[in-house]
Amino acid sequence: MALGVPQDRVYTDRAFSGTTRRNRVGLDQALGAVWDGSVFTVTKFDRFARDMATANEILTDLSGCGVLVGLDDPSTTGTTCSGGC
C-alpha cells in the first residue's frame, strides 16, 4: 500500500508524455472513482496537471463534488496538505 492506499485504488498513467489531458487513462479512472467525502491524493503535482489551467479545471470539478485534494510529495519533507491547498 502506497500512502496507506490499497493497490487497487492506485491509478497510474503509463507511457504518458505531453501537455494535454488526452490519453490520461489512469487520471480518468481515478477521477471516476471518487465520491463526496473522498480524498484525492497525488504524489507529485506536476504529474497531476501540466499547467495551472488544467489543474484549476480538475480541482474545481473535484471540489464541486465534495472531494478533498491532498499532495503527499516525499520531496516536500513528508508534509501533506489537503482541502484548500
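Modeller: N23 is found in the segment that comes before helix α1; helices (H or I, at least four residues) and strands (E, at least two) are DSSP runs, numbered from the N terminus. The model is a predicted one, in which local features need pLDDT of at least 70 and side-chain atom pairs count only at pLDDT 80 or more, while totals for chains, interfaces and linings use all residues. Residues are numbered from 1 along each chain as its sequence is written, and side-chain values use heavy atoms, with hydrogens and water left out.

N23 counts as exposed, because its relative accessibility is 68%. By the convention used here, buried means under 20% relative accessible area, exposed means over 50%, and partly exposed lies in between, for a 1.4 Å probe and protein chains only. The C-alpha atom of N23 is separated by 8.4 Å from that of D13, which is 10 residues away along the chain.

G26, L27 and A30 are the buried residues of α1. Seen down the axis of α1, these residues fall within an arc of 100°, so they line one face of the helix; the arc is that of the directions from the helix axis to the C-beta atoms. The face turned away from this buried side carries V25 and G32, which are exposed. The buried residues of α1 pack against β1, α2 and α3, where contact means heavy atoms within 4.5 Å.

Between α1 and β1 there is a loop, and V34 has its place in that loop. V34 is partly exposed, because its relative accessibility is 23%. Neighbours within four places in sequence aside, V34 is in contact with F40, L62 and V67. The C-alpha atoms of V34 and L68 are 9.8 Å apart, although 34 residues separate the two along the chain.

L62 brings the account to α3. Apart from its neighbours within four places in sequence, L62 touches L31, V34, F40, V67 and V69. Helix α3 consists of 13 residues and spans 18 Å from its first C-alpha to its last, close to the 18 Å expected at 1.5 Å a residue; the expected span is 1.5 Å times one less than the number of residues in the helix. T54, A55, I58 and L62 are buried in α3. They are on the same side of α3, because they cover an arc of only 100° around the axis. M52, A53, S63 and G64 are exposed on the other side. The packing partners of the buried residues of α3 are α1, β1, α2 (45-48) and β2 (68-72).

At its start, a side-chain oxygen of D51 comes to within 3.1 Å of the backbone nitrogen of A53. G64, which belongs to α3, is exposed because its relative accessible area is 68%. After α3 comes G66, which has a positive phi near 80°.

These elements also meet in the interior. In soluble globular proteins, nonpolar side chains tend to be buried together. Here the largest nonpolar core has 11 residues: L27, A30, F40, V42, F48, A49, A55, I58, L62, V67 and V69. Such a core is a set of buried Ala, Val, Leu, Ile, Met, Phe, Trp, Tyr and Cys residues joined through side-chain atoms within 4.5 Å. Two or more residues of this core come from each of α1 (25-32), β1 (39-42) and α3 (52-64), and α3 gives the most, with 3 residues.

Lastly, the whole protein may be set out briefly. The protein contains 3 helices and 3 strands, which follow the pattern α-β-α-α-β-β along the sequence. Of its 85 residues, 24% are buried. Among the contacts with a separation of 6 or more, 49% are between residues 24 or more positions apart.

Key
A polar contact is a pair of N or O atoms within 3.5 Å; within protein, one must be able to donate a hydrogen and the other to accept it, and residues adjacent in sequence count only if both atoms are side-chain atoms.
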